[in-house]
Amino acid sequence: MSATNFKTENNTYRKLIGNGLTYRIPRFQRDYSWTDDEWEDLWMDILGTIQENGEPAHYMGYLVLQSQDEKSFDVIDGQQRLTTLTLIVLAALKNLQKLIDNNNNPEQNQRRLEQIRQTYIGYLDPVTLISKTKLTLNRNNDHYFQSYLVPLGHLPQRGFRASEHSLRKAFEWFEKRVRDYAKKVSNDEGVALASLVETMSDKLFFTVISVTDELNAYKVFETLNARGVRLSSTDLLKNYLFSVLHREHEQHPHEMNALEERWEAMVTRLGSESFPDFLRTHWLSRRSFVRQSELFKVIRAKVTTREAIFQLLREMEEDIDTYLALTNPEIYGWSPTLKEGYAQNLRMFSVRQPFPLLFAAHRKLSLEDFATVLKSCVTISFRYNVIGSQPAHEQERLYYSIAQKITHDEITAAKATLEGMKAIYPNDEAFKMAFSEKVIRTSNSRNLRVVRYILCELEKHSSGNDYDFESDSFNVEHILPQNPESGWDTFNDEEVEAMVYRLGNMTLLKKSANKNLGNEPFSIKKPVFSESQFELTSKIAEENADWTPERISARQKALAKMATSVWRIAQLP
């Protein structure tokens, strides 16, 4: 990003808003949404700087602006903070107006009011009372802001959007805090009100990032997100799509309304943080391979007309249910087999590389073939990711390639799909070797669920009994305890560390029995194991006179051999 289209500087609120520049919340940017929690936090921060012996300054965070002329700026990120600070200034003006109306130093307070309004709010036409403000809100909020808040008039409460009520409530909340503050700190409330605004504007400062277009703004978002600053690339993309519609030769207000409603419906269902992940998955399943960091750039290059926008919308709407069924299977489920047998397991594994392929398969293949593909993705994810810990980037490329072939009808059935997946299906020997050495630390709750799943699947294969691995009736027993005490002298400290979380050292046991055993030696545990309802647990007692590092390794190898039959794709060698 060159210096000519990207500029960063620290500015106080006074320099930002009091220098003749104007700021516009893009037409379709999200509505005002702050509540009393955010108001309280901001007010306490302000009080911490304006009070005597307070902090010398307060940092307000990043402000991302877009402009071609460095005079008028679109607020890409920071609108909630800018809007709320403007409401605080308006609250001070409202209190000054009340002092004037009550004949309290009317001439001096009138001058204060006019100076503050001109510096921080903008010009108000004395005849029409139409404001020329420094800040313009989005299309849902600006009418209420300009018609009622800026003129300091009566604030109607009926027939308005929730966000307009939020604006009113914020103004009224700060009006009371500002009034109480002014009465507390000075006998001359007019002086206190003016001092509050002036001091606040000098002590609040932002890191202002100015860019020239949407693409550079997106790059800023990516950089800040990498540093842990959460910004919304979802909103940025939305604004870009609306800008395409807006600059068409003919205005299509009904289309813009339709776009907004359909977009918001998708974001509401997905959540704004999940939306970028969904969008990339959708794009990979239908179009070109792209990294998340380049996604906006690619969409901006490809989606340039109103026809392309609505095609993108239709296709996203077609894929959204598949994404939700994969990421939230309990809520947005398919049939019990697809949901409980496959989708929930894939989510438990935290594996998303197959998603583009599954999007394409769900769109194009029969339901029976889709079920086969989904089941195979679970098996591969277990062999490749969970047990093998293989590099995911190779997987992603291959899944993308197969998704493209399904999308373009080069693959039309499950059999050919599975053939394409052969390269990322570890063979039995490789899988058995990896399983024989696998360590899974059950101190992590997600890992504990995976171990319960593995042991239940192995138990089902061994005994034929199907146990719900989420059941509360049994626990995972670490035969060599996680914190061994007396009776475990056959293990030195290094062996305890290396062996305790080996799969061969873990088994299923009824909760009551597990609780009573605690850290007891193997000689005490063995009779309990022999009485267990779980076949694999009772075999530990039958096949082992003692419990040693060698016996753990031997048992894990036996489980690994069994695992090659449990997690298998019959069509693949």
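Is aspartate 466 buried or exposed? Aspartate 466 counts as exposed, because its relative accessibility is 55%; here exposed means over 50% relative accessible area, buried under 20% and partly exposed in between, with a 1.4 Å probe and protein chains only.

Before the views, a word on the model. This is a predicted model, in which local features need pLDDT of at least 70 and side-chain atom pairs count only at pLDDT 80 or more, while totals for chains, interfaces and linings use all residues. Residues are numbered from 1 along each chain as its sequence is written, and side-chain values use heavy atoms, with hydrogens and water left out.

**View 1. Lysine 460 and aspartate 466 form a salt bridge.** The closest N and O atoms of this pair are 3.7 Å apart. A salt bridge here is a side-chain nitrogen of Lys or Arg within 4 Å of a carboxyl oxygen of Asp or Glu. Lysine 460 is partly exposed, at a relative accessible area of 37%. The structure holds 29 salt bridges.

View 2. Helices (H or I, at least four residues) and strands (E, at least two) are DSSP runs, numbered from the N terminus. Glutamate 172 is partly exposed at 31%, whereas arginine 168 is buried at 7%.

**View 3. Aspartate 369 is buried yet has no salt bridge.** This residue belongs to helix 16. The nearest side chain of opposite charge is lysine 415, 11 Å away; Lys and Arg count as positive and Asp and Glu as negative, while His and the chain ends are not counted. Leaving aside residues up to four places away in sequence, aspartate 369 touches Thr412, Ala413 and Ala414, where contact means heavy atoms within 4.5 Å.

**View 4. Phenylalanine 349, phenylalanine 382 and phenylalanine 431 belong to one aromatic cluster.** Rings of Phe, Tyr and Trp (its six-membered ring) pair if their centres lie within 6.5 Å; planes under 30 degrees apart count as stacked, over 60 as edge-to-face and the rest as tilted. By this rule there are 32 aromatic pairs. The rings of phenylalanine 349 and phenylalanine 382 are tilted, because their planes stand at 45 degrees, with centres 5.8 Å apart. That pair links distant parts of the chain, 33 residues apart. Phenylalanine 382 is buried, with a relative accessible area of 0%. With phenylalanine 431, phenylalanine 382 makes an edge-to-face pair, the centres being 6.1 Å apart and the planes at 70 degrees. Here helix 16 is linked to helix 19 (residues 428-436).

**View 5. Arginine 177 lies over the face of tryptophan 173.** The distance from the ring centre is 3.8 Å. A charge sits over a ring if NZ of Lys or CZ of Arg is within 6 Å of the ring centre and within 35 degrees of the ring normal.

**View 6. Strand 3 and strand 8 pair in the parallel sense.** They do so over seven bridges; two strands pair if DSSP finds at least two bridges between them. Histidine 58 stands opposite leucine 204 in strand 8. Seven of the eight residues of strand 8 are buried.
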